[in-house]
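Colleague: Can you walk me through this model? I'd like to start with confidence.

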Amino acid sequence: MDYTITEQEPTRALLVEADTGDYDAEASLAELFELTESAGAVPVASITQKLSRLDPATCVGSGKLEEIKDYCEKENIDLIIFDLELSPVQIRNIEAATDVRVIDRTMLILDIFALRARTKEGKIQVELAQLKYMMPRLTGKGVEMSRLGGGIGTRGPGESKLETDRRHIKRKMETLKTQLRDVEEHRKQLRERRDKDGVITVAIVGYTNAGKSTLMNTLTDAGVLSEDKLFATLDPTSRALKLPNGVSVMLIDTVGLVRRLPHHLVEAFKSTLEEAAQADIILNVCDASSEESRLHLDVTRELLASLSSLDKPIIPVLNKCDLIDDSMTGISGAVHISAKYAQGIDELLKAIEDNLPKKVQRVKILLPFDKVGIAAKLRETAVLHREEYTAEGLMLEVTVDEIQYARLRDYFVD
């Protein structure tokens with residue numbers, strides 16, 4: 001029997017910007033285009049209306065809503081995406097007026113998170129955030145929900161779960177919270193173990209699509225997913241990095257940020273973000289080729305401030321400098337790099353070394369023959385300058401951090 005497989009047509013989306021002057025609407029709309037593409041849809045066009053205040057019933061005015069309806073019919077639009085957070089009433093009214101499915105900025109970002117989540121913790125966080133956000137938006141949506149048919153804005157918990165009654169959703173949310181607490185407790189134990197072992201952590205944070213994962217790969221060959229998409233990396237990845245001075249650190253890659261990041265997502269991913277916030281050193285990475293690179297650095301600092309992390313060494317890292325003619329100036333302590341072409345990496349490593357919480361020292365030690373196993377560990381975690389077998393044991397000259405220094409004190413050679 002002959003079967004013909006047809007590819008599903010991509011979702012055609014119309015983007016709507018209600019500009020009340022509360023933020024840079026043009027920049028936010030440009031970001032919404034990127035978010036839409038990252039979700040797998042095609043942003044066909046955008047419609048903007050300047051408003052003194054939002055219409056509580058339909059967000060935009062009646063005339064603009066009619067314009068949106070006409071455009072959707074003319075261009076076969078499948079989805080309308082508003083660049084703000086809509087109320088349940090507004091979603092229902094706009095859908096009734098246009099006969100097109102409507103989602104808002106938060107739902108779109110949640111959808112991308114659902115698409116990107118890989119680890120158990122990431123999936124739990126996304127599903128919990130989606131259920132919290134969608135539950136008040138289910139009332140009276142029987143007809144609308146029945147014609148969703150999946151697609152953007154419905155990934156994650158799934159259509160069948162969202163159609164269940166509130167009591168079932170609340171039970172599901174409690175189960176997810178319990179699972180999340182267990183995962184967070186495990187993460188806490190790992191963090192405490194790292195602190196006990198004296199492991200220094202360096203977190204890579206910053207605006208989404210700034211090249212954080214590319215930098216992670218360049219520094220550690222971690223093989224982290226590195227794509228030109230927003231939120232390409234959702235789950236934190238940790239890899240060991242040995243610095244030129246011999247100190248080994250734990251490098252952590254984290255989820256990217258966006259302007260006006262919905263508080264639902266900040267709360268949902270608090271444990272993941274705290275992993276970065278509690279690091280010893282923070283690399284604030286931005287795309288230097290972006291016209292809004294300074295704003296992106298500020299967005300990250302604001303989030304770090306909300307997590308009480310501004311007392312840590314924060315190194316501004318201006319990535320993608322290969323795409324611009326001149327480097328950004330006036331940013332104190334900034335390091336200019338191109339993670340893609342490994343340019344400026346030596347300067348970045350030096351900046352990390354200069355901000356290490358523990359000092360390193362070069363020492364000469366003599367390990368008795370029954371203790372030469374210590375040398376294997378030093379080869380991994382320190383800089384080995386010289387080693388030589390003598391009649392008394394193994395003579396080593398190494399550069400070590402303060403913790404290693406204390407542990408090796410019994411073997412020092414004057």
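Modeller: This is a predicted model, and the protein has a mean pLDDT of 80, with 80% of its residues at 70 or more. pLDDT is the predictor's confidence in each residue, from 0 to 100. Local features need pLDDT of at least 70, side-chain atom pairs count only at pLDDT 80 or more, and totals for chains, interfaces and linings use all residues. Residues are numbered from 1 along each chain as its sequence is written, and side-chain values use heavy atoms, with hydrogens and water left out.

Colleague: Which elements have the lowest and the highest mean pLDDT?

Modeller: Helix α6 (residues 142–146) has the lowest, 40, and strand β3 (residues 79–82) the highest, 96. Helices (H or I, at least four residues) and strands (E, at least two) are DSSP runs, numbered from the N terminus.

Colleague: Where does pLDDT stay under 50 with zero contacts beyond four places in sequence?

Modeller: Over residues 1–6. A contact means heavy atoms within 4.5 Å. Residues 139–149 are also below 50, but that stretch has 21 contacts in the model beyond near neighbours in sequence.

Colleague: New topic. Which residues touch the most other members of the largest nonpolar core?

Modeller: L14, I68, I80, I81, F82, L86 and L108, out of 41 residues. Helix α4 (residues 105–116) gives the largest share of this core, seven residues. Such a core is a set of buried Ala, Val, Leu, Ile, Met, Phe, Trp, Tyr and Cys residues joined through side-chain atoms within 4.5 Å. Buried means under 20% relative accessible area, exposed over 50%, partly exposed in between, with a 1.4 Å probe and protein chains only. Another core, of 26 residues, lies apart from it and includes A210, M216, L243 and V335.

Colleague: What does F82 touch?

Modeller: Leaving out residues up to four places away in sequence, F82 touches V16, L32, C59, V60, I68, I94, V102, I103, D104 and R105.

Colleague: And in what order do the three strands of the open sheet run?

Modeller: β11-β13-β12, with antiparallel pairing. Two strands pair if DSSP finds at least two bridges between them. The edge strands, β11 (360–367) and β12 (383–389), each pair on one side only. β12 pairs with β13 (residues 394–401) over six bridges, and L384 has V398 as its bridge partner in β13.

Colleague: Last one: is D99 buried or exposed?

Modeller: D99 counts as exposed because its relative accessibility is 57%. Its phi is near 60°, a positive value in a residue other than glycine. Most residues other than glycine have a negative phi.
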